[in-house]
Amino acid sequence: MDKEKLENAVRGRVAQLLTERKITENALAAGDAAAQKRLNRQLSHSAGITLDTLLRILAICPDVSADWLLRGTDTRQPASEYYNNINGENVGVKNDADVINRFLSIIEEKDRQIAQLIAKL
């Protein structure tokens with residue numbers, strides 16, 4: 001799936017969640033006018049959705065998993081519960097922040113690998 005389709009899929013889940021929960025952009029921005037402006041651009045398709053936005057959503061909706069928000073999978077259980085029980089095996093994740101940190105470390109490693117591949121071209 002290309003980047004634009006992925007972003008639109010995430011944006012759609014974000015919009016669905018905000019509508020279902022009756023969460024306004026202002027509430028998500030916690031009254032921060034600059035953050036509200038960024039959120040508006042991101043949700044109206046004129047800018048990519050940022051990690052800050054995803055973290056704000058996960059913070060305001062603790063029952064929503066990062067996996068559902070990013071991939072559309074699982075049953076919207078908290079990410080910590082989902083990742084604590086992968087294949088019935090406890091993987092030691094204590095909370096959603098641990099999951100987010102794990103994702104960030106995976107992304108950093110992939111970025112490093114991509115940079116190495118580009119350097120070889």
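Read along the sequence, the protein chain of this predicted model follows the pattern α-α-α-α-α-α-α, with 7 helices and 0 strands. Helices (H or I, at least four residues) and strands (E, at least two) are DSSP runs, numbered from the N terminus. Residues are numbered from 1 along each chain as its sequence is written, and side-chain values use heavy atoms, without hydrogens and water. Local features need pLDDT of at least 70 and side-chain atom pairs count only at pLDDT 80 or more, whereas totals for chains, interfaces and linings use all residues.

Of the 121 residues in the protein chain, 30% are buried (buried means under 20% relative accessible area, exposed over 50%, partly exposed in between; 1.4 Å probe, protein chains only). The protein chain exposes about 7,800 Å², of which carbon and sulfur atoms supply 54%; accessible areas come from the Shrake-Rupley method with a 1.4 Å probe, and for residues only the protein chains shown count as cover. Among contacts (heavy atoms within 4.5 Å) between residues at least 6 apart in sequence, 44% join residues at least 24 apart.

Leu 70 lies in helix 5 (residues 66-71) and is partly exposed, at a relative accessible area of 36%. Residues up to four places away in sequence aside, Leu 70 touches Val 10, Arg 13, Leu 54 and Phe 103. Leu 70 and Val 14, 56 residues apart in sequence, have a C-alpha to C-alpha separation of 9.3 Å.

Ile 118, in helix 7 (residues 96-120), is exposed, with a relative accessible area of 55%.
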